[in-house]
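Here are my notes on this model, point by point. Please read them with the structure open.

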Amino acid sequence: MNTILNMKGIVKSYFLGEEEQTILHHVDFAVNEGEFVSILGPSGSGKSTLMNIIGCLDVPTDGDYILNGNDVSCLDEVELSEVRNREIGFIFQHFQLLPRLNALENVELPLIYAGVHEKERKRLAAEMLIKVGLEGKMKNKPSQLSGGQQQRIAIARALVTKPTILLADEPTGALDQKTGKQIIKLFEQLHNEGKTIVMITHDKEIAKHGSRIVNILDGKLTEHKNHNAKEVNNNGGEQHA
């Protein structure tokens, strides 16, 4: 199985005045292609710091991070931006949609940054909106849509560049319970199609939908197999873990 994310001995420290504070303590973490991994931890556990490093929004103080065969541990901001655009599809708690753009235009944005021609990017954006069940909402602006529909737009936007990893930060945190379950069901569908997903959450019930749960507390990781989850077998079908 192809390992597409591999962290070894990751340390992240900050200076508060003259005092050094360590947030992540020698973290080892790997994700294989096609996995759905939940990172579970309370506020202040270090999970946001870990997410920022996974998503190439920040670099570690020490340690090695190999993403899809490339060492991204010591890249500068421009190089990190290029990796983010190519490898990571972000899904945020509060959707991060541009209010003046309609659904199709919001999904197109990463393709504009990637230099994709207008006709092709509109085709790809429409294809992704259909995939997430919003074929009838392409011209609607975010204010005209429910929270669940806005999160589906955000998922379509994350998918449109065909990233190596979908990185979801509390993807159900701004949704009611029923809508949150629908979004998680969509994640499970994407996982069953072979997408690689890393989901950060504080919610134990949400975390159980991953095929593997990694607990983070005080900047240290422990993990276990989630025996309630479903995995994808070699023929693309579901099997219980």
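1. The structure holds 9 salt bridges. Note that this is a predicted model. One of the bridges pairs the side chains of Lys 12 and Asp 58, at 3.2 Å from N to O. The two are 46 residues apart: Lys 12 sits in strand E1, Asp 58 in the loop between helix H1 and strand E4. Lys 12 is buried, at 8% relative accessible area. Asp 58 is partly exposed, at 21%.

2. Glu 108 and Lys 122 form another salt bridge, with closest N and O atoms 3.1 Å apart. Glu 108 belongs to helix H3 and Lys 122 to helix H4, so the pair ties together parts 14 residues apart in sequence. Glu 108 counts as buried at 3% relative accessibility. Lys 122 counts as partly exposed at 32%.

3. Arg 123 and Glu 127 also meet in a salt bridge, 3.2 Å from N to O. Both lie in helix H4, 4 residues apart, so about one helical turn separates them. Arg 123 is partly exposed at 43% relative accessibility, and Glu 127 is partly exposed at 35%. Separately, salt bridges with shared partners join Glu 108, Arg 121 and Lys 122 into one network.

4. Now helix H3 itself. Its buried residues include Leu 104, Val 107 and Leu 111. Helices H4 and H5 are among what covers them. Asn 102 caps the N-terminal end, with a side-chain oxygen 3.1 Å from the backbone nitrogen of Leu 104. Gly 115, with a positive phi near 80°, follows H3.

5. Check Ser 73, in the loop between strand E5 and helix H2. Ser 73 is buried, at 3% relative accessible area. Its side chain reaches the backbone nitrogen of Tyr 65 at 2.6 Å. The Ser 73 side chain also makes a polar contact with the side chain of Asp 71, at 2.9 Å.

How values were computed. Residues are numbered from 1 along each chain as its sequence is written. This is a predicted model: local features need pLDDT of at least 70, side-chain atom pairs count only at pLDDT 80 or more; totals for chains, interfaces and linings use all residues. Side-chain values use heavy atoms; hydrogens and water are left out. Buried means under 20% relative accessible area, exposed over 50%, partly exposed in between (1.4 Å probe, protein chains only). Contact means heavy atoms within 4.5 Å. A polar contact is a pair of N or O atoms within 3.5 Å; within protein, one must be able to donate a hydrogen and the other to accept it, and residues adjacent in sequence count only if both atoms are side-chain atoms. A salt bridge is a side-chain nitrogen of Lys or Arg within 4 Å of a carboxyl oxygen of Asp or Glu.
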